[in-house]
Amino acid sequence: MALRTVMQEVRRLTLSSVRRQASPAPYALGKLLNRDFSVVSCEEVPPPGDDTFLSTTKVRDILKLKSDLGRHNWIGNNETVYTAVSKMKNANVGALLVYNFEILDANSDGIIQEEELENSVKAIEGIVSERDILQKMVSEKKDGDKVRVYEIMTKTDGMSTVSPTQSVRDAMNIMIIKNVRHIPVVNGDVMEGMVSIRDVVDCVLRESREHVETLNSYIHSVGY
């Protein structure tokens, strides 16, 4: 199912019981980052919904809801695709950040510390997802024990990122424009984490439930 269709379905399922009279919020302009992580603008996309919370809720708010920020879900560029699949399965995620291990291991001790993960932007080589594996491995019947992650990953020059201060609407726009389901969250030289389409959907559902509960509380509290 196309991502735009997914978001339309999310809107239909979560907001069908709530009819709002307010005018739609202005379309947010998505932002992408170049290889050097400078911000560039991308075309506007009609938002999947008209709720102001999509523009006011920030990506950092989504990260706060995650039990793991997502930056721990990574793999070395020289690891096998089979290892990547195993890590995805164990972490129950659909994508992994790909690092140059030698650059990431700033202390040269063979152990990646939390501080090294936080300051890991320069070590990012790309991202590898379920889609990469399906399109470049399964469809071509390649051996996951022989192919290395760097051979099938999406490299940084084709990778989209988002900053923690951007809105949920920005993140959704980027996902739609770039047709991706996972976006690393980068703040300067700091790797904050990663958000997925599932995280965005959870955010929409959470807000919708809270809004419906507020309406129900109001309806049952009025005198007539």
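In what order do the four strands of the open sheet stand?

## The sheet

The order is E3-E4-E5-E6, with mixed pairing. Strands are DSSP runs (E, at least two residues) and helices likewise (H or I, at least four), numbered from the N terminus; two strands pair if DSSP finds at least two bridges between them. Because strand E3 (74–76) and strand E6 (154–155) are at the edges with a single partner strand each, one side of each has no neighbour in the sheet.

Strand E3 runs parallel to strand E4 (residues 95–99), and three bridges join them. Ile75 has Val98 as its bridge partner in E4. Helix H7 (residues 130–138) packs on the sheet and touches strand E5 (124–129) and E6, contact meaning heavy atoms within 4.5 Å.

## Basis of the model

This is a predicted model, in which local features need pLDDT of at least 70 and side-chain atom pairs pLDDT 80 or more, while totals for chains, interfaces and linings use all residues. Residues are numbered from 1 along each chain as its sequence is written, and side-chain values use heavy atoms, without hydrogens and water.

## The largest pocket

The lining of the largest pocket comprises 36 residues, with Ala95, Arg181, His182, Val195 and Ser196 nearest the centre. A pocket is an open set of points on a 1 Å grid over the protein atoms alone, where a 1.4 Å probe fits, with protein on both sides within 12 Å along at least five of seven lines; lining residues have an atom within 4 Å of a point. Helix H10 gives the largest share of this lining, six residues.

Key. Axes are lines fitted to C-alpha atoms, for helices over the stretch in contact, and angles run from 0 to 180 degrees between N-to-C directions.
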